[in-house]
Amino acid sequence: MKLYKVAQIELIIASLYFYGYFNKSYLIIISGSIILNYCFSSFLLHFSESSVRKIVLGSSLVFNVGLLFYFKYWDFFVTNINGVFHGSYELRNIVLPLGISFYTIQQISYTVDSYRYETRGYSFLDYAQFVSFFPQLVAGPIVLHKEMIPQFQDAKNKEINAQNIAEGLHDLAIGLFKKVIIADTFGQAVAWGFSAERLPTLTVMEAVIVMVSYTFQIYFDFSGYCDMATGIASFFNIKLPINFNSPYKSRSILVFWKRWHISLT
């Protein structure tokens, strides 16, 4: 058990290092979010009075939705206010933290389940590991505690599994190929077509090529990431839910959305 706790701490630290590698200030946001949401969930599990629990749940929702609104939509909101009312409110040029939508939605679902008394028995380390697990931290899939924490705690998943490692390497290699070879190649055409000096002078054929290139770029970019996330998670004997299922085969926009980001839907 002691070794398991040490492994948990090491994985949490490694995940946070991965997350903060691009911008260290992101660590303050995700760490604060994890701590506050765990406190909200703990309060919900330990208070029995209905009115108090509703206030705590409401406070949690306000905090999480407010966090998303500030980082994702504040400048958009201010820009529209300035446009409609001819205002001069200053934009803050906020840098959007990586994956904030994904880990915030996960924590909202966890808090709601705590309100239903469905998260009893989880420690802070269990919770932090569930939220920060790096293969799915940046772009999903969005996972539920009942899908992940039991896998972390399962005794057979604490041993090296050669089959899972082999499958993980397979998925990781395919994902890297999709991302680096296919998506990034189409991305060069997209960057060329959308450049400030080139965009106004595109011919019809060039515009079509750029649009088709962008269509394939975003497809193979996200598909490749999903494969890489699944592959890396397999190294830890963790099975992530399928999050991408050939959406361009869809015959309606509804089916397309369900196939593109399955866990979000």
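1. The largest pocket is lined by 19 residues, and Tyr4, Ala7, Asn157, Lys158 and Phe236 are the ones nearest its centre. A pocket here is an open set of points on a 1 Å grid over the protein atoms alone, where a 1.4 Å probe fits, with protein on both sides within 12 Å along at least five of seven lines; lining residues have an atom within 4 Å of a point. Helix 1 gives the most, with six residues. Helices (H or I, at least four residues) and strands (E, at least two) are DSSP runs, numbered from the N terminus.

2. The model is predicted: local features need pLDDT of at least 70, side-chain atom pairs count only at pLDDT 80 or more, and totals for chains, interfaces and linings use all residues. Residues are numbered from 1 along each chain as its sequence is written, and side-chain values use heavy atoms, with hydrogens and water left out.

3. The volume of the largest pocket is about 360 Å³. That volume is the space filled by probe spheres set on the points, with grid points joined across faces, edges and corners. By residue class, the lining holds ten nonpolar, six polar and three charged residues. In this scheme Ala, Val, Leu, Ile, Met, Phe, Trp, Tyr, Cys and Pro are nonpolar, Asp, Glu, Lys and Arg are charged, and the others, Gly among them, are polar.

4. On the overall fold, the chain has nine helices and zero strands, so the order of elements from the N terminus reads α-α-α-α-α-α-α-α-α. Its C-alpha atoms fill a box of roughly 65 × 60 × 40 Å along the principal axes. Of the 265 residues, 41% count as buried, where buried means under 20% relative accessible area, exposed over 50%, and partly exposed in between (1.4 Å probe, protein chains only). Among contacts with a separation of 6 or more, 70% join residues 24 or more positions apart; contact means heavy atoms within 4.5 Å.

5. Helix 2 (residues 25-46) has 22 residues and spans 32 Å from its first C-alpha to its last, close to the 32 Å expected at 1.5 Å a residue. The expected span is 1.5 Å times one less than the number of residues. Its buried residues are Tyr26, Ile29, Ile30, Ser33, Ile34, Asn37, Tyr38, Phe40, Ser41, Ser42 and Leu44. An α-helix has 3.6 residues a turn, so residues three or four places apart point the same way. The cover over the buried residues of helix 2 includes helix 1, helix 3 (50-85), helix 4 (100-115) and helix 5 (124-132).

6. Leucine 36 belongs to helix 2 and is partly exposed, at 39% relative accessible area. Leucine 36 and serine 60 are 24 residues apart in sequence, and their C-alpha atoms are 8.5 Å apart.

7. Helix 5 is mostly covered, with seven of its nine residues buried. These are Asp126, Tyr127, Ala128, Gln129, Phe130, Val131 and Ser132. They pack against helix 1, helix 2, helix 4 and helix 6.

8. In the loop between helix 5 and helix 6 lies phenylalanine 134, which counts as buried at 17% relative accessibility. Leaving aside neighbours within four places in sequence, phenylalanine 134 is in contact with Leu11, Ser15, Phe18, Tyr225, Ile232 and Phe236; Phe236 is also one of the residues nearest the centre of the largest pocket. Phenylalanine 134 and glycine 83, 51 residues apart in sequence, are 40 Å apart in space, C-alpha to C-alpha.

9. Two residues deserve a note on backbone angles. Most residues other than glycine have a negative phi. Tyrosine 117, although not a glycine, has a positive phi of about 60°. Tyrosine 117 lies in the loop between helix 4 and helix 5 and is partly exposed, at 31% relative accessible area. Asparagine 237 also has a positive phi of about 60° and is not a glycine. Asparagine 237 is in the loop between helix 8 (204-235) and helix 9 (253-260), and is buried at 5% relative accessibility.

10. On cysteines, the count of disulfides is zero, a disulfide being a pair of cysteine sulfur atoms within 2.5 Å. Cysteine 39 is partly exposed, with a relative accessible area of 32%, whereas cysteine 226 is buried, with a value of 8%.
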